[in-house]
Amino acid sequence: MKPGKRTRHSFIMVRHDIYDSDAFQSLSPVARCVWMEIVRRYKGHNNGKIILSCREVSLRLRVSKDTASRAFNELIDVGLVSIARHGAFHVKISVAREWKLNHESCDNRPPTNEWRKFKIRSD
């Protein structure tokens, strides 16, 4: 790198209100990692079109596809993400689901913030 030249690094930010929420605190470690994978793919303009499959997660996080699927379901259940478009498998073509982060705006609509409504049950 040349002297005086700066490189631009990307990062994943976890807002304190999300991190401290019942929704986030109730997640398994794998679900937290999957959420970070989804956030990592968010570019500021592609919410609702974030592509991530169970197969990719299983390879990236070194977990089974069933574990990856359960983690996605956890994220949906607590309201941190929503399915924007279901995946499909056609002859020789597999299309992954597209995800929406509920704490970010999507299609010129404000965030739904469904995760704020989730409360840990104290049975």
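Helices (H or I, at least four residues) and strands (E, at least two) are DSSP runs, numbered from the N terminus. The model is predicted: local features need pLDDT of at least 70, side-chain atom pairs count only at pLDDT 80 or more, and totals for chains, interfaces and linings use all residues. Residues are numbered from 1 along each chain as its sequence is written, and side-chain values use heavy atoms, with hydrogens and water left out.

**Exercise 1.** State the secondary structure of the chain and the order of its elements.

*Solution.* The chain holds five helices and five strands. Read from the N terminus, the order is α-α-α-β-α-α-β-β-β-β.

**Exercise 2.** Describe the surroundings of Arg 32.

*Solution.* Step 1: locate the residue; Arg 32 belongs to helix α3 (residues 29–41). Step 2: examine burial and charge. Arg 32 is buried (under 20% relative accessible area, 1.4 Å probe, protein chains only). Arg 32 has no salt bridge (a side-chain nitrogen of Lys or Arg within 4 Å of a carboxyl oxygen of Asp or Glu); the nearest side chain of opposite charge, Glu 74, is 7.8 Å away. Step 3: list the neighbours. Leaving aside residues up to four places away in sequence, Arg 32 touches Tyr 19, Phe 24, Gln 25 and Leu 27 (heavy atoms within 4.5 Å). A polar atom of the Arg 32 side chain lies 3.4 Å from the backbone oxygen of Phe 24.

**Exercise 3.** Determine how α3 packs against helix α5 (residues 65–78).

*Solution.* Step 1: the angle is about 75°, and the axes are 8 Å apart. Step 2: α3 is therefore roughly perpendicular to α5 (65 to 115 degrees). Step 3: among the residues making the contact are Trp 35 of α3 and Phe 72 of α5.

Terms used:
Buried means under 20% relative accessible area, exposed over 50%, partly exposed in between (1.4 Å probe, protein chains only). Lys and Arg count as positive and Asp and Glu as negative; His and the chain ends are not counted. A polar contact is a pair of N or O atoms within 3.5 Å; within protein, one must be able to donate a hydrogen and the other to accept it, and residues adjacent in sequence count only if both atoms are side-chain atoms. Axes are lines fitted to C-alpha atoms, for helices over the stretch in contact, and angles run from 0 to 180 degrees between N-to-C directions. Angles under 35 degrees count as roughly parallel, over 145 as roughly antiparallel, 65 to 115 as roughly perpendicular and the rest as oblique.
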